[in-house]
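Let's take a look around a protein model together. Have the 3D view open while you read.

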Amino acid sequence: MTFMANLPPTAELQQKDAAHHLHPFTDTADLNAKGARVISRAEGVYLWDTEGNKMLDGMAGLWCVNVGYGRHEIIDAATRQMQQLPYYNTFFQTSHPPVIALAEKLAQLAPDHINHVFFAGSGSEANDTVVRMVRHYWASQGKPDKKVIISRKNGYHGSTMAGASLGGMSFMHAQGGLPIPDITHIDQPHWYKEGGDMSPEEFGLARARALEEEIDRLGEDKVAAFIAEPIQGAGGVVIPPETYWPEIQRICDEREILLIADEVICGFGRTGQWFGSQTYNIKPDLMPIAKGLSSGYLPIGGVLVSDRVAEGFIADGGEFAHGYTYSGHPVACAAALTNLEILEQENIVSDVASRAAPYLAEKWGQLGDHPLIGQARSKGLVGAIELTPDKAARAPFAVEAGTAGLICREHCFATGLVMRHVGDTMIISPPLVISNEEIDELVEKAGRCLDLTLADLKAQGLY
Ligand code: PMP
C-alpha cells in the first residue's frame, strides 16, 4: 500500500518505540516484550496498522473521533489557521478570532442556562480547572469552607493529580498518594455488579441517596459540589438505572451544592443528544468537555459554566489565578469549530438518536443471548457486554478479573475489531457516523470473538 511506502519495517518501529517511548497506562516491560501495534492510517470508522491489517475502530480512538477519521474540512480549517495565526495566548487581556467563534458556538449548543466556557488542553486539565473553579467560586461567595467535592468510586475524571483524585479508581490512587485533600467518593450506580437482589430502580434510588448521606456526614457547609459522568465510561460503560439521575438532581436542588456533569465522553452526541445531561434531563452548574469537541483531531478541552456560577465568578471573583499556555489554542479551536459544524450540518447527533442508537441497541442486545454474556447494554453509541461463567448469578470468574476480558480483547484485534476490556467487561464507543452495515460488522465480529473466547475459557477450565 502506497501510504506506508516511506515507513520503516514494523519491527524497526517497534524496537525504537520500546527503546524510547513510555506509553500511558502501560506495563512497559510487558509491552516491550511483545512490541506495540503500530497504527499508521485511518479512514471513516477503520484503522490500518503497519502490517496492513484493517480494523473496525469500535472505540473511536479513545471515545473521541465522533465524526470519524479523514474529514478534510477539519484538516483544511486547521491548516488555514496554522498559516494565519498558529499560536497566540488568551492571557493578558488578549483574544483571537477562533477562540471567540468557538466560545460563541459552544454557548449556542449548550443548554440555555450555560453561556460561558473556560478552555483547557484536555479532559484532565478541564477537571483540574473544575476543582479550582468551584472552590474559588464558593470563596468568592463568602463561603471559603465549601471545599469538598463528592465524587464516585470507579468514576474516571482524568489522570492529573486532581483528575485522578476526582476519579474513583483505587489502583490510580495507590500510585502517587492520592486523592488530594477534600475529595470523597460514594458508591457507583452499577446495578449489574453491585445491585444484588434489588431491582435496578430500587438500586438507582439507593445509590443516589448515598449522596444525601455523604452531604449530611460532611456537613452541607463544607461541600462544594458533586461530580459524575452521566454514563461512566472508563469504569465499564455503567449506564445508571433510570431512577438515579432524577434523584441526584432533587438532592442537588435541595442542597446548596454545585452539580458537575463530566461530559468528556458523553458530550457532542455520544448519547443521542448534544450532552449526556440532556439525555438524563439534569441541569449541571459545570460541564467539563474534551474528546468529541474536536473529534480528537487536535487536543482541546474546557469547562462549560452556567450563568449562576459565571455571574458570581465574574462579579465577585476578581482574578482567577488559573490557565494554561494552550487555553483556547487557535488551531485547536479552528478544528473544534469545524468539527461542531460537521456534527450540526450533517445532523449527526439526531441521526444517532433516530437511527444508529436504536439499531445498535437491537443488534448489540442480541449478544446478551450468548452463553458467555450476563448482560448486553447500550445507550446512544456506547455499549458494554459482561463476560460471566454464570449468567443467572451475574458471577465473576474464579480467576483474576480481566483474564477473560484480555483473551477476548486479543481475539478482537486478530479478528479486525477494536474493542476494549475493563476487567471482564467488553466495551464499545464507535464513531457516531458508523453505518448500519458497519454496526452489523461490529456485532458479527464481536459474536465471533465471544465464541473464540468461550472455547479458550473452556479449554482452560474456566467456564
Ligand atoms: N473525564 C472523562 C469522563 C474521561 O473519560 C476522560 C478520558 N477518558 C477524562 C475526563 C480525561 O480526559 P483526558 O484524557 O483528555 O485528559
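Predicted model: local features only at pLDDT ≥ 70, side-chain atom pairs only at ≥ 80, totals over all residues.

With 463 residues, a compact globule would have a radius of gyration near 23 Å, and the protein comes out at 22 Å, so the two agree. Along the principal axes, the C-alpha atoms fill a box of roughly 65 × 60 × 45 Å. Of the 463 residues, 48% count as buried. Among contacts with a separation of 6 or more, 72% are between residues 24 or more positions apart.

Now zoom in on helix α4, residues 72-84. Which residues of α4 are buried, and which exposed ones sit on the face turned away from them?

| Side of α4 | Residues |
|---|---|
| Buried | I74, A77, A78, Q81 |
| Exposed, turned away from the buried side | H72, R80, Q83 |

Looking down the axis of α4, the buried residues fall within an arc of 95°, so they line one face of the helix. Why can that happen? An α-helix has 3.6 residues a turn, so residues three or four places apart point the same way. The cover over the buried residues of α4 includes α5 (97-109) and α14 (330-345).

Last stop: the ligand. Of the 16 residues around the ligand, S122, G123, S124, G158 and V264 come nearest. Helix α6 (residues 123-140) gives the largest share of this shell, three residues. By class, the shell has six nonpolar, eight polar and two charged residues.

Key:
Residues numbered from 1 in each chain as written. Buried ≥ 20, exposed ≤ 12 C-beta atoms within 10 Å, placed from the backbone. Helix = DSSP H or I, 4+ residues; strand = E, 2+ residues; numbered from the N terminus. Arc of directions from axis to C-beta. Contact = placed C-beta atoms within 7 Å. Near = placed C-beta within 6 Å. Nonpolar A, V, L, I, M, F, W, Y, C, P; charged D, E, K, R; others polar. Rg over C-alpha atoms; globule rule 2.2 N^0.38 Å.
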